[in-house]
Amino acid sequence: MTILDKIIAFKKKEIAKIKAEVPIKKLVESPKFKRTPLSLKKSLLEVGSTGIIAEFKRQSPSKGIINDKATIAEVTNGYLDANVAAQSILTDTSFFGGTMADLMEARVINQTKPILRKDFVVDGFQIVEAKAIGADAILLIASCLTSVELKNYGNLAKDLGLSVLYEIHTQEELDKINDLDDKIIGINNRNLKTFEVNLEHSIKLANQIPDNSIKVSESGISDPKIITGLKEFGFQGFLIGENFMKEENPGEACQDFINQIR
Ligand SMILES: O=P(O)(O)OC[C@@H](O)[C@@H](O)c1c[nH]c2ccccc12
């Protein structure tokens, strides 16, 4: 059993429990549910967009504790000052030490840039929940879902006005989402089964992605020079977590990084 299998098994149990306690009606009636989400596509394609999706990540199964001191408020303000294209917030508690409250707190501060709810979606309930906590976008991980689930969850998100980032790591996973149109595709440089990071993945798979999809490179980006290289292969988005979060002041690290790519 890989760590990813463990996470998914755990998630399914967790969601079943929450669903038994929280009626979906309660989520739909929450005041935040009425908010019109910001478009991730628009933010990534905007003239002068930095393309950087900066992540708030306290810990991960592969790295352990990354930063348990930095607060949501200071990091969110720092990322906004750095002019990120979007913010990503881990809401998984058991494996990544994040919470839905983290995202809600960031939302109060960040009203101008899209927020991606970073979690392992295994049930439509989580998508409704994402909207109810004020997220603008969700992640759908192709290795954890069937092509039918990817399609149905993608449609549910779109019906709610949420953007979708489809995450892939292999050609087979790309094939699962092939017939969906108007996509934002994140190529994860990290294999979620082995944790091995290889930037070549972004580059190899990039050519296979149709031009009408927006390409995002995820994980293991630690040098501003890499952004220049990835742009040449058509990438418009760059999801970066640890490289910022490992610093005492992640917002400042993000500002330094962005100053070097312009
Ligand atoms: O910290 P990094 O190496 O910059 O990676 C960020 C992000 O890509 C990574 O956190 C991530 C990508 N896909 C995920 C799925 C679930 C949890 C986390 C992730």
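Which feature does UniProt place at residues 4-255?

1. The UniProt record, an unreviewed entry, places "domain: Indole-3-glycerol phosphate synthase" at residues 4-255. The model itself is predicted.

2. Look next at the core. The largest nonpolar core has 66 residues. Ile53, Ile138, Leu140 and Phe238 touch the most other members. Strand 6 (residues 137-141) gives this core its largest share, five residues. As a general point, nonpolar side chains tend to be buried together in soluble globular proteins.

3. Setting aside neighbours within four places in sequence, Ile53 is in contact with residues including Val84, Leu116, Val216 and Phe238.

4. Now the ligand. There are 14 residues around the ligand, and Glu218, Ser219, Leu239, Gly241 and Glu242 come nearest. Strand 10 (235-240) and helix 11 (242-245) are the elements that give two or more residues to this shell. By class, the shell has six charged, five polar and three nonpolar residues.

5. Check the backbone at two places. Most residues other than glycine have a negative phi. Ser219 is not a glycine, yet its phi is positive, about 80 degrees. Ser219 sits in the loop between strand 9 (214-218) and helix 10 (224-232). Ser219 counts as buried because it has 26 C-beta neighbours inside 10 Å, and the cut-off is 20 or more.

6. Asn83 is not a glycine either, and has a positive phi of about 70 degrees. Its loop lies between helix 4 (72-81) and strand 4 (86-90). Asn83 has 16 other C-beta atoms within 10 Å, so it is partly exposed.

Note on methods: Residues numbered from 1 in each chain as written. Near = placed C-beta within 6 Å. Helix = DSSP H or I, 4+ residues; strand = E, 2+ residues; numbered from the N terminus. Nonpolar A, V, L, I, M, F, W, Y, C, P; charged D, E, K, R; others polar. UniProt positions renumbered as here; feature names shortened; annotations may be inferred. Core = buried A, V, L, I, M, F, W, Y, C linked by C-beta atoms within 7 Å. Buried ≥ 20, exposed ≤ 12 C-beta atoms within 10 Å, placed from the backbone. Contact = placed C-beta atoms within 7 Å.
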